[in-house]
Amino acid sequence: MPIVLSLLFVVTFSLESKDREGLRTYRESEEKTRVDDILHELQGICLHENEDRDVTQLKKDTQSFLKNIAVYKDVVKMNKQLKNGIKWILEGKIQNIAVYKDVVKMNKQLKNDIKWILEESRGEKEISRIVRLLKHEVKGICVGSAKDCAEIKKYKATSGVYQIFPKKTEGVKAYCDMDTDGGDGQYDDSVNFQRTWTECENGFGNVNGEYWLGNRHIHRLTTSGTYELRIDLTDKNNKTKYAKYKTFVVGDATSQYKLTIGGYSGDAGDSLSYHNGMKFSTVDRDNDLNSSNCAKKSRTMVV
C-alpha cells in the first residue's frame, strides 16, 4: 500500500508540474503576442499618417519608440514606488530606506530592460547599433543638469569638456579642471580676446583650448552661489604661480557686467583688486576709467 501511494504521488506531482509548465508557456506566448500587437499598432500609426514612409524612416520611428517608452515605464515604476512608499510610512518604517530600495529596484529594472533588448534584437549589428544609441542618449546622465564643474566633479573625476547649466534651461560647454579647485578655463594666448560686446557676452573660442565662457553665463553662475576665482600662471621656464580671490561676482547686463572681487591670496601678486567695482569693456563698448579704450590696446579682457 505505501508503494502504491508513493507512485500515485509521483504521477500526480508530475502532472501538476506539466500543467504549471504548460500554463507558464501559454502566458509567455500570450505576453509575446500582446507585445507584438502593441508594437505593430504603434508603428501602424506612423504608417497610417504617411503611407510613403520608407524603411529608413521606420527605423527612425522605432528608435524614437525606444527612447519615449522609457517615460511610460517610469510612470508605472513611480506609481508602484509611491504605493510601496505609502505602505512603508503607514507601517512606521524608516523613510530613508526607500532610497536604497529604489537603487536596487532601478538596477533590477535596468538589467531587465537590457535583457529585453538583447532578446528582441536580431543579430549583433542591430544590438550594437541600439547600444550605441542608448549610450548616446544616456551619456552624462549622472551629471544631469549640473550647475558647475564642482557638481560634475561629484560624478566625474576626469578633467575635460562638460555641459554645465548656470541657468537650468540653458546649457553651455566648459572645460572643467578636476585637479585644481574644481575650476574651468585655460589661457595659452592662442585666441585673440579683442572681441565685440556680443561675442564676450555669449562666449567664444575653442572649448578644448582657449575659451571664454560668456559674461551672461558667468553672471548666472557667480550670482547663484558663493564662488572663488583662481588664476594659474606658467612662465617660459615652467615656473608656476597662482592668484586666488575669495569673492568673485559678475553683475548682469544692466550693470555692464560689473566685477566684484576681493579676498586675494597666492604668490602671483594681486592685480585684480584695483578693478573691483569696474564695468566690462570691449572694442565696441568703452566702460573703463581710462581716457582711451583699453580693450583696443590689449588682447585680454578689460574691466
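Guide: A strand is a DSSP run of E with at least two residues, numbered from the N terminus. Two strands pair if DSSP finds at least two bridges between them. The model shown is predicted.

Visitor: What makes β7 and β8 a pair?

Guide: Seven bridges join β7 to β8, and the cut-off is at least two, so the two strands count as paired. They run antiparallel. One of the bridges has Thr247 with Gly262 in β8 as its partner.

Visitor: How do you know that β6 and β7 pair?

Guide: Strand β6, residues 229-234, and strand β7, residues 240-250, share six bridges in the antiparallel sense. At least two are needed, so this is a pair as well. Thr234 stands opposite Thr240 in β7. The two strands form a hairpin with five residues between them, and Asn238 in the turn has a positive phi of about 65°.

Visitor: Why are β6 and β8 called edge strands?

Guide: The open sheet has three strands in the order β6-β7-β8, with antiparallel pairing. β6 and β8 (259-266) each pair on one side only, and are its edge strands. Neighbouring strands of this sheet are turned by 30° against each other on average, direction ignored.

Visitor: Why is Leu259 called buried?

Guide: Leu259, found in strand β8, has 8% relative accessibility. Buried means under 20%, so Leu259 counts as buried. The C-alpha atoms of Leu259 and Ser273 are 9.8 Å apart in space, and the residues are 14 apart in sequence.

Key:
Residues numbered from 1 in each chain as written. Predicted model: local features only at pLDDT ≥ 70, side-chain atom pairs only at ≥ 80, totals over all residues. Heavy atoms only, no water. Helix = DSSP H or I, 4+ residues; strand = E, 2+ residues; numbered from the N terminus. Axes fitted to C-alpha atoms, helices over the stretch in contact; angles between N-to-C directions. Buried < 20%, exposed > 50% of the residue type's maximum accessible area, 1.4 Å probe, protein only.
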